[in-house]
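Below are a few exercises, each with a solution worked through in steps.

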Amino acid sequence: MNIASYKGAYRADFYSDFSFTAEVAQQSHKFFIIDKKVFGIYRETLSKLVGSDLYYLLDAVEENKNVDKALEIMDQMVNMPSKRNTVLVAIGGGIVQDVAAFIANVLYRGIPWILVPTTLLAQTDSCIGSKSSLNFRGYKNLLGYFYPPDRIYINTEFLHTLERKDYFSGLGEIMKCALMAGYGSFRETAGNMEDVLAHKEDALLKEIHKALEFKRNVIEQDEFDRDYRNIMNFGHTFGHALESVSGYAVPHGQAVSYGMMIANRISCQRGYISREMLQEIDTAIWNIVMPELVCRDFFAEALYLNAMKKDKKYTGGQHTCILFDGDGVGKYTDIRDGEIMDAAGRVMEEAGKRLGK
Ligand SMILES: NC(=O)c1ccc[n+]([C@@H]2O[C@H](COP(=O)([O-])OP(=O)(O)OC[C@H]3O[C@@H](n4cnc5c(N)ncnc54)[C@H](O)[C@@H]3O)[C@@H](O)[C@H]2O)c1
């Protein structure tokens with residue numbers, strides 16, 4: 001798959017094994033940033049790939065997605081004999097990606113970088129789209145720019161070792177893209193979910209492709225998120241707040257799934273979608289959501305609304321959110337606090353029922 005960008009087109013290639021490492025190994029002057037857990041699981045293969053090159057093992061937690069961590073890594077990189085010709089290789093999920101993209105962007109005003117996404121969320125969503133985002137002063141993704149990798153190697157073999165919550169997190173983004181493409185597309189993906197949940201390779205690859213193709217079409221029209229790309233934030237405004245109030249205990253894609261359910265309740269309340277459609281979509285989303293990850297405290301009004309107001313897209317007054325209308329999604333700038341808390345409360349009530357509380 002080729003993706004156009006302001007930096008030039010870049011490729012994402014698909015593998016179901018580690019044969020891609022031969023190509024990565026051919027690069028000179030490599031510095032690796034590798035997810036510590038991933039390195040532990042795939043030690044033999046990754047040690048061979050790293051060879052005598054320098055590497056940094058990053059603990060993939062949100063607390064490490066910050067400038068201090070980026071500076072610590074750059075401290076090592078500036079001591080290398082290679083400078084602007086250093087090739088940064090990032091192997092990990094969205095956290096490793098975000099830190100690596102930031103470094104590749106600012107070090108020597110930009111060095112080449114290769115991305116090997118190892119989570120379903122990174123393979124299906126974050127690997128394309130150019131964004132680098134670091135957390136700042138306790139808030140999500142406040143710092144960063146747009147700096148796509150030069151090459152992406154997607155190996156689905158990595159997905160077998162993901163924890164359930166991280167696998168489900170990727171499914172949230174898959175469902176988001178399917179829904180944004182319209183009701184027909186949603187039904188197709190919902191029908192494929194049983195096979196995806198059973199890790200069936202064909203079904204999984206089909207959905208990864210479908211989500212990436214949807215996103216590619218959006219980012220190629222608005223790479224810098226000035227207008228049209230805002231639609232990709234479907235479920236995110238509500239989701240980011242949930243991630244934040246849970247102290248990131250709710251993984252990104254899971255939070256997005258909750259965000260979609262809150263958004264869809266607002267759509268239904270406003271008459272943009274029918275109750276039947278809401279119920280059908282809800283049923284599909286609940287299949288990939290873990291209710292045990294949320295608790296009522298996260299939706300305490302002051303806490304939740306305050307977190308929503310810290311979102312970088314909040315401009316004061318009413319909230320700007322992306323809502324589904326059956327055919328696709330649109331941007332609405334008039335969402336009121338009361339509508340949000342009402343919808344969030346009803347989602348929480350449903351989560352409680354599912355947990356038998
Ligand atoms: N830049 C973007 O465009 C963009 C888009 C979406 C999300 N994000 C960011 O991505 C982050 C979330 O990333 P994520 O969900 O990809 O995962 P992650 O990087 O947060 O990792 C989640 C967990 O999975 C582990 N892990 C990774 N690969 C594994 C594997 N193959 N086997 C076993 N364990 C593995 C990690 O060690 C970690 O414990 C958030 O910070 C989010 O804000 C960025």
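Two residues are in contact if their C-beta atoms, placed from the backbone, lie within 7 Å. The model is predicted, so to speak of local features takes pLDDT of at least 70, side-chain atom pairs count only at pLDDT 80 or more, and totals for chains, interfaces and linings use all residues. Numbering starts from 1 along each chain as its sequence is written.

**Exercise 1. Which members of the largest nonpolar core touch the most other members?**

Step 1: define the set. A nonpolar core is a set of buried Ala, Val, Leu, Ile, Met, Phe, Trp, Tyr and Cys residues joined through C-beta atoms within 7 Å.

Step 2: The largest core has 99 residues, and Ile33, Leu88, Ala90, Ala100 and Ile262 touch the most other members. At least three residues come from each of domain 1 (2–161) and domain 2 (164–354); the bounds come from an automatic or database domain assignment.

Step 3: follow one of them. Beyond four places in sequence, isoleucine 262 is in contact with Phe238, Ile340, Ala343, Ala344 and Val347.

**Exercise 2. Describe how domain 1 meets domain 2.**

Step 1: count. Contacts join 25 residues of domain 1 to 28 residues of domain 2.

Step 2: name the elements. On the domain 1 side, strand E2 (10–15), helix H6 (120–126) and strand E8 (139–143) each give two or more residues. H6 brings the largest share, five residues.

Step 3: sort by class. Ala, Val, Leu, Ile, Met, Phe, Trp, Tyr, Cys and Pro count as nonpolar, Asp, Glu, Lys and Arg as charged, and the others, Gly among them, as polar. That side of domain 1 then has 12 nonpolar, 10 polar and three charged residues.

**Exercise 3. What surrounds the ligand?**

Step 1: collect the shell. A residue is near a molecule or strand if its C-beta atom, placed from the backbone, lies within 6 Å of it. The shell holds 31 residues, the closest being Gly93, Gly94, Ile95, Thr119 and Ser126.

Step 2: find the sources. Helix H2 (36–41), H5, H6 and helix H7 (164–180) give two or more residues, and H5 gives the most, with five. Each of domain 1 and domain 2 supplies at least three residues.

Step 3: sort by class. The shell has 10 nonpolar, 13 polar and eight charged residues.

**Exercise 4. Where does histidine 199 lie, and what is its phi?**

Step 1: histidine 199 is in the loop between helix H8 (183–197) and helix H9 (201–221).

Step 2: its phi is near 60°, a positive value in a residue other than glycine.

Step 3: with 13 other C-beta atoms within 10 Å, histidine 199 is partly exposed.

Key:
A residue is buried if 20 or more other C-beta atoms lie within 10 Å of its own, exposed if 12 or fewer, and partly exposed in between; C-beta atoms are placed from the backbone. Helices (H or I, at least four residues) and strands (E, at least two) are DSSP runs, numbered from the N terminus.
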